[in-house]
Amino acid sequence: MSERPKPPISQRKQPRQARSNASVAVILEAAAQVLAAEGAARFTTARVAERAGVSVGTLYQYFPNKAAILFRLQHDEWRDTTRLLAEILDDKAHTPGERVHRLVHAFLHSECEEAQMRTALRDAAPLYRDAPEVRDAREAGEAAFGRFIDEALPSASAEQRVLASNLLTDVLGATGKQFSEQPRTPAEIHAYADALALMLCAWLEATSQASASAARTPHQAASSNTE
């Protein structure tokens, strides 16, 4: 039995004029409002068109189906979040520990501010989970964390760095999802972010010291053997 073809998720028409860009922006804003109000299960192109004040035909000029709209919302959210986190991680004016602290605060605030939208987009994920753009966005985020870990743990082996990068992203993702599932006050977000950052900074420092010590040991042993 052949697999059922998946709906296209690429934007159908790339806007070239200011008016077209404005139309896409209006449609995406309306889509975000419908998604937040109705959830992924009741998200339809008709509701989006009605909220945007455009015809369904106009909407279809830019997006072939609701999956394409949802993916564009998710892609934009991924892009903005990845760019923000990458800027923090790549900022060598601050120590690795300071960057982790800033990273955790920025990530948790982002998760909590857009919790409802993120939940709805996760519900819609089956529509586009296997898209190449999803893989590209994920890889861009992984690359930013990889660069940071390479700098923060210079003495660690390649395997240790991969493990550290995966652990950092997994902990942030899991705790951010769990913490943002209910409304939080700014004070709660700040306190939780401080505690999580402290834990991650302690882990990063301990890992750095352990890998540096392990790297020195063979050298010291070799020096002793030559004496």
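Predicted model: local features only at pLDDT ≥ 70, side-chain atom pairs only at ≥ 80, totals over all residues.

Residues are numbered from 1 along each chain as its sequence is written, and side-chain values use heavy atoms, with hydrogens and water left out.

On that scale, A131 is buried because its relative accessibility is 9%. A131 sits in the loop between helix 6 (115–123) and helix 7 (132–152). Its C-alpha atom is 9.3 Å from that of F71, and the two residues are 60 apart along the chain.

Now the overall content. The protein has 9 helices and 0 strands, and from the N terminus the elements read α-α-α-α-α-α-α-α-α. Of its 227 residues, 37% are buried. Contact, from here on, means heavy atoms within 4.5 Å. If we take contacts between residues at least 6 apart in sequence, 70% of them join residues at least 24 apart.

A36 belongs to helix 1 (residues 18–38). Is A36 buried or partly exposed? It is partly exposed, because its relative accessibility is 26%. Neighbours within four places in sequence aside, A36 contacts Q116 and M117.

T45 is in helix 2 (residues 45–52). T45 counts as buried because its relative accessible area is 12%. Which residues does T45 contact, leaving aside neighbours within four places in sequence? They are L59, Y60, N65, K66 and I69.

There is also a record to mention for this part of the chain. An unreviewed UniProt entry annotates residues 44–63 as "DNA-binding region". Positions from UniProt are given in the numbering used here, feature names are shortened, and annotations may be inferred rather than shown by experiment. In the model, the span 44–63 is 75% helix and 0% strand, and its end C-alpha atoms lie 12 Å apart.

Moving on to L85, which is in helix 4 (residues 66–89). L85 is buried because its relative accessible area is 8%. Not counting residues up to four places away in sequence, L85 touches L103, F107 and F145. The C-alpha atoms of L85 and A144 are separated by 7.9 Å, at 59 residues apart along the chain.

A143 is in helix 7. A143 counts as partly exposed because its relative accessibility is 36%. From the C-alpha atom of A143 to that of A86 is 8.9 Å, and these residues are 57 apart along the chain.

Last topic, helix packing. Axes are lines fitted to C-alpha atoms, for helices over the stretch in contact, and angles run from 0 to 180 degrees between N-to-C directions. Angles under 35 degrees count as roughly parallel, over 145 as roughly antiparallel, 65 to 115 as roughly perpendicular, and the rest as oblique.

The axes of helix 5 and helix 7 come within 10 Å and cross at roughly 150°. Helix 5 is therefore roughly antiparallel to helix 7. On the helix 5 side, P96, R99, V100 and L103 meet F145, F148, E151 and A152 of helix 7. This contact has 6 nonpolar, no polar and 2 charged residues. For those classes, Ala, Val, Leu, Ile, Met, Phe, Trp, Tyr, Cys and Pro count as nonpolar, Asp, Glu, Lys and Arg as charged, and the others, Gly among them, as polar.

The second pair is helix 5 (residues 96–113) with helix 8 (residues 158–179), whose axes come within 9 Å and cross at roughly 40°. Helix 5 is therefore oblique to helix 8. Here L103, V104, F107, L108, E111 and C112 of helix 5 meet L172, G173, G176, K177 and F179 of helix 8. By class, that contact has 7 nonpolar, 2 polar and 2 charged residues.

How values were computed:
Helix = DSSP H or I, 4+ residues; strand = E, 2+ residues; numbered from the N terminus. Buried < 20%, exposed > 50% of the residue type's maximum accessible area, 1.4 Å probe, protein only.
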